[in-house]
Amino acid sequence: MAALNLARLIAVAAETIAAHAEELTALDQAIGDGDHGLNMKRGFEAVRAEADAFAAKPLPDALKAIGTKLVMTVGGASGPLFGTLFMALGKEIAADPDRNNLAAAFGKAVDAVAARGKSQIGQKTMLDVLQPVHDALAGGKTAAEIADIADAAAEATVPMKALRGRASFLGERSIGHMDAGARSTALLVRSVGQAIGESA
Ligand code: ADP
Ligand code: MG
């Protein structure tokens, strides 16, 4: 895999989240408490502020440190879950990962999120994007294809009834809205793919 420019990747991800913060807030307002956009923006700005320090570390250590930073700064339910994703990824990934290692490590990280959230696919959460993204990675799809799969997976949360997180308090009334965490996950997947594509 081409050498990863982690500082650039962080900048693109933080930029994407900032540009979509209002959209994420609106999604979370519909079936949650409306803090997801600000939560994510705060967390990714905090990561961006230390991007050079993260980028100076070996990739596994950098991902673990980013995960810790996200836990401390995002807040809400999603902070510990995104934090777990990055920390678990850091634990499993090689310093210079190939596709197989990346897919396997991402699979373990998705499992760690599911364990932490006591959640599974089909419950209208970020997992509904993470799992298909893992499958696409393992299946050898391109970054652009994976980004499209992530968008479609976020879209597919619209007709679901929420069974985890705040939206689950609404029961049937959660149907008809996209899950905010699914959308932010799809945005991150596209921005990571874009940044990796630039360095390929
Ligand atoms: P909060 O719900 O505490 O306000 P956020 O608004 O930042 O936190 O994040 C909400 C998102 O977190 C949801 O849209 C969903 O994708 C995700 N989420 C919440 N609970 C869980 C869970 N148990 N498992 C997986 N994802 C979850
Ligand atoms: Mg919220």
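Good morning. I shall start with Lys118, which is placed in the loop that connects H7 and H8. Here helices (DSSP runs of H or I, at least four residues) and strands (runs of E, at least two) are numbered from the N terminus. Before I go on, the conventions: residues are numbered from 1 along each chain as its sequence is written, while chains are lettered from A and ligands numbered from 1 in the order in which they are written. The model is a predicted one, in which local features need pLDDT of at least 70, side-chain atom pairs count only at pLDDT 80 or more, and totals for chains, interfaces and linings use all residues; side-chain values use heavy atoms, with hydrogens and water left out.

To return to Lys118, its phi is near 50°, which is positive in a residue other than glycine. Is Lys118 buried or exposed? Its relative accessibility is 64%, so Lys118 counts as exposed. On this scale, buried means under 20% relative accessible area, exposed means over 50%, and partly exposed lies in between, with a 1.4 Å probe and protein chains only.

The loop between H7 and H8 also holds Lys124. This residue, although not a glycine, has a positive phi of about 70°. With a relative accessible area of 1%, Lys124 is buried.

Let me now turn to the chain as a whole. It has 10 helices and zero strands. Its radius of gyration, taken over C-alpha atoms, is 16 Å, in agreement with the value near 16 Å for a compact globule of 200 residues; the globule rule is 2.2 Å times the number of residues to the power 0.38. Along the principal axes, the C-alpha trace spans about 45 × 35 × 30 Å. Among the 200 residues, 48% count as buried. As for contacts (heavy atoms within 4.5 Å), 66% of those with a separation of 6 or more are between residues 24 or more positions apart.

Next, helix H8, which covers residues 127-138. Its 12 residues reach 16 Å from the first C-alpha to the last, close to the expected 16 Å, where the expected span is 1.5 Å times one less than the number of residues. Why is H8 described as largely enclosed by the rest of the structure? The reason is that nine of its 12 residues are buried. They include Asp128, Val129, Leu130, Pro132 and His134. After H8 comes Gly140, with a positive phi near 80°.

Neighbours within four places in sequence aside, Val129 is in contact with Ala150, Ala153, Ala154, Ala182, Thr185 and Ala186. Of these, Ala153 belongs to helix H9 (residues 143-155), and at 9% relative accessibility Ala153 is buried. Residues up to four places away not counted, Ala153 touches Asp128, Val129 and Pro132.

I come now to two polar residues. Arg183, in helix H10 (residues 180-199), is buried, with a relative accessible area of 16%. Its side chain makes a polar contact of 2.6 Å with that of Glu23. Such a contact is a pair of N or O atoms within 3.5 Å; within protein, one must be able to donate a hydrogen and the other to accept it, and residues adjacent in sequence count only if both atoms are side-chain atoms. The second residue is Asn39, in helix H3 (residues 36-49). Asn39 is buried at 6% relative accessibility, and its side chain is joined to that of Arg42 by a polar contact of 2.9 Å.
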